[in-house]
Amino acid sequence: QMQCKELTSTFLKFALPKSGLVRTTARDIVFAPKTVMGLAYPDIWTQQLTAHAEVLVDHGSANTLTGKLLRTYCEGLYIEAGIGGDCFTWDVANMPWITESWVSRTIADLQHARITLHHNIVQ
């Protein structure tokens, strides 16, 4: 999330003046939808998290290469974490012994956004 904020901040610092706006324009206006007179600039962290959740949902139980890789990684995550249960409910932000990866980072981001996923991986 921090990297996305830095990218967005740098982009807006240059893009807003080029659009004829003050670079300190309130971010509530920048990100608000056009229906309420906002600029409707997309929040890239939200878009990225949505895309990651979509991959987990679409491929998590699919018999595709991506699906197989995701399930294999999640099974390895169980071994690495040393605990059972639903890996999507783990507090991975407070588990420094697990290797940070796309899946563990996505789980942490989903929890931060209060989005809940469940899986059917055999334990």
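These questions and answers walk through a predicted model, helix by helix and residue by residue. Local features need pLDDT of at least 70 and side-chain atom pairs count only at pLDDT 80 or more, while totals for chains, interfaces and linings use all residues. Residues are numbered from 1 along each chain as its sequence is written, and side-chain values use heavy atoms, with hydrogens and water left out.

Me: How far apart are the end C-alpha atoms of helix α1?
Reply: Helices here are DSSP runs (H or I, at least four residues), numbered from the N terminus. Helix α1 covers residues 2-18, which is 17 residues. The expected span is 1.5 Å times one less than the number of residues, so α1 should span 24 Å. The model agrees, with the end C-alpha atoms at 25 Å.

Me: Where does α1 bend?
Reply: The bend at a residue is the angle between axes fitted to the seven residues ending there and the seven starting there. In α1 that angle is about 30°. The place is leucine 12.

Me: Which residues of α1 are buried?
Reply: Buried means under 20% relative accessible area, exposed over 50%, and partly exposed in between (1.4 Å probe, protein chains only). An α-helix has 3.6 residues a turn, so residues three or four places apart point the same way. The cover over the buried residues of α1 includes α2 (27-31) and α3 (44-59). Those buried residues are Cys4, Thr8, Leu12, Ala15 and Leu16.

Me: What does threonine 8 touch, not counting residues up to four places away in sequence?
Reply: Threonine 8 sits in helix α1 and counts as buried because its relative accessibility is 7%. Contact means heavy atoms within 4.5 Å. By that test, threonine 8 touches Phe31, Tyr41 and Ile44.

Me: Is glutamine 3 buried or exposed?
Reply: Glutamine 3 also belongs to helix α1. Its C-alpha lies 30 Å from that of threonine 64, 61 residues apart in sequence. At 65% relative accessibility, glutamine 3 is exposed.

Me: Which residue takes a positive phi just after α1?
Reply: The value is about 85°. The residue is glycine 20.

Me: Where is methionine 37, and is it buried or exposed?
Reply: Methionine 37 is in the loop between α2 and α3. Its phi is positive, about 70°, although it is not a glycine. With 72% relative accessibility, methionine 37 counts as exposed.

Me: What is the relative accessible area of alanine 40?
Reply: Alanine 40 is found in the loop between α2 and α3. Its phi is near 60°, a positive value in a residue other than glycine. Alanine 40 is partly exposed, at 36%.

Me: What is tryptophan 90 in contact with, leaving aside its neighbours within four places in sequence?
Reply: Tryptophan 90 is one of the core residues that touch the most other members. Its contacts are Leu77, Tyr78, Ala81, Ile83, Gly84, Gly85, Met95, Ile107 and Gln111.

Me: At what angle do the axes of α3 and α5 cross?
Reply: Axes are lines fitted to C-alpha atoms, for helices over the stretch in contact, with angles from 0 to 180 degrees between N-to-C directions. In α3, Trp45, Leu49, His52, Ala53, Val55 and Leu56 meet Trp102, Thr106, Asp109, Leu110 and His112 in α5. The two axes come within 10 Å and cross at roughly 115°.

Me: Which residues does aspartate 109 contact, leaving aside its neighbours within four places in sequence?
Reply: Aspartate 109 lies in helix α5. It is buried, with a relative accessible area of 8%. Its contacts are Trp45 and Leu49.

Me: Which residues does valine 103 contact, leaving aside its neighbours within four places in sequence?
Reply: Valine 103 is in helix α5 and counts as buried, at 4% relative accessibility. Its C-alpha is 10.0 Å from that of cysteine 87, 16 residues apart along the chain. The contacts of valine 103 are Leu70, Tyr73 and Cys74.

Methods. Helix = DSSP H or I, 4+ residues; strand = E, 2+ residues; numbered from the N terminus. Core = buried A, V, L, I, M, F, W, Y, C linked by side-chain atoms within 4.5 Å.
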